[in-house]
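Welcome! Take a moment to turn the model around on your screen. Then let us walk through it together, from the whole chain down to single residues.

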Amino acid sequence: PPAHRWAERDPAAAERLTATRAVVAALADEHTMPTENLLQPDTVRRLAWSPPETINEDSVGLVLTALGARSWQVELTAKPLAKALVRLATKSESSEGRE
């Protein structure tokens, strides 16, 4: 779905999208390149909408590769993206436990 509709359709995916976009923006800034050169926006959206079941650097790297990311892009982004997704999953699990 269009990214602007995610919050109402799947709030968790919207939160993942915000986090992954922030990671890519920070990395692009660090490497002085446009964010869309580091990772295509569609790749970031697809990862955020359907992250791997087990989230780690390797699984995120496999998803990025399957979505067309080049090896240098995967090398720069897989680990920080995996960390962000794990943080969100952990936060979500802990808040579910309080309900």
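What is the mean pLDDT of the protein chain? This is a predicted model, and the mean pLDDT of its protein chain is 92, with 94% of the residues at 70 or more. Among the elements, helix α5 (residues 57-66) has the highest mean pLDDT, 98, while helix α1 (residues 6-9) has the lowest, 87.

**The overall fold**

The secondary structure of the protein chain consists of 6 helices and 0 strands, so reading along the sequence gives the pattern α-α-α-α-α-α. The radius of gyration is 13 Å, close to the 13 Å that the globule rule gives for 99 residues, so the chain is as compact as a globular protein of that length. Along the principal axes, its C-alpha atoms fill a box of roughly 40 × 25 × 25 Å. Of the 99 residues, 33% count as buried. Among contacts with a separation of 6 or more, 58% join residues 24 or more positions apart.

A UniProt annotation, from an unreviewed entry, reads "domain: 3'-5' exonuclease C-terminal" and covers residues 1-85. Over residues 1-85 the chain is 73% helix and 0% strand, and the end C-alpha atoms lie 20 Å apart.

**Helix α2 and what follows**

Helix α2 runs over residues 11-30 and has 20 residues. From its first C-alpha to its last it reaches 29 Å, close to the 28 Å expected at 1.5 Å a residue. Its buried residues include Ala13, Ala14, Leu17, Val23, Val24 and Leu27, and Arg16 and Thr20 are also on that list.

After α2 comes Thr32, which sits in the loop between α2 and α3 (35-38). Most residues other than glycine have a negative phi. Thr32, however, has a positive phi, near 45°.

In soluble globular proteins, nonpolar side chains tend to be buried together. Here, the largest nonpolar core has 23 residues, and those with the most contacts inside it are Trp6, Val24, Leu39, Leu47, Val60, Leu64 and Leu81. The elements giving two or more residues to this core are α2, α4 (41-49), α5 and α6 (71-97). Of these, α2 gives the most, with 7 residues.

Which residues does Trp6 touch, leaving aside its neighbours within four places in sequence? Trp6 is in contact with Pro1, Pro11, Ala13, Ala14, Leu17, Arg45, Ala48 and Trp49.

Is Ala69 buried or exposed?

| Residue | Relative accessibility | Class |
|---|---|---|
| Thr32 | 72% | exposed |
| Glu75 | 64% | exposed |
| Ala69 | 12% | buried |

Ala69 counts as buried because its relative accessibility is 12%, and the cut-off for buried is under 20%. Ala69 is found in the loop between α5 and α6. Leaving aside neighbours within four places in sequence, Ala69 is in contact with Leu39, Leu64 and Val74. Asn56 is 13 residues from Ala69 in sequence, and their C-alpha atoms are 17 Å apart.

Glu75 belongs to helix α6. Glu75 counts as exposed because its relative accessibility is 64%, and the cut-off for exposed is over 50%. Glu75 and Asp29 are 46 residues apart along the chain, and their C-alpha atoms are separated by 16 Å.

Notes. Residues numbered from 1 in each chain as written. Predicted model: local features only at pLDDT ≥ 70, side-chain atom pairs only at ≥ 80, totals over all residues. Heavy atoms only, no water. pLDDT = per-residue confidence, 0-100. Helix = DSSP H or I, 4+ residues; strand = E, 2+ residues; numbered from the N terminus. Expected span 1.5 Å × (residues − 1). Buried < 20%, exposed > 50% of the residue type's maximum accessible area, 1.4 Å probe, protein only. UniProt positions renumbered as here; feature names shortened; annotations may be inferred. Core = buried A, V, L, I, M, F, W, Y, C linked by side-chain atoms within 4.5 Å. Contact = heavy atoms within 4.5 Å. Rg over C-alpha atoms; globule rule 2.2 N^0.38 Å.
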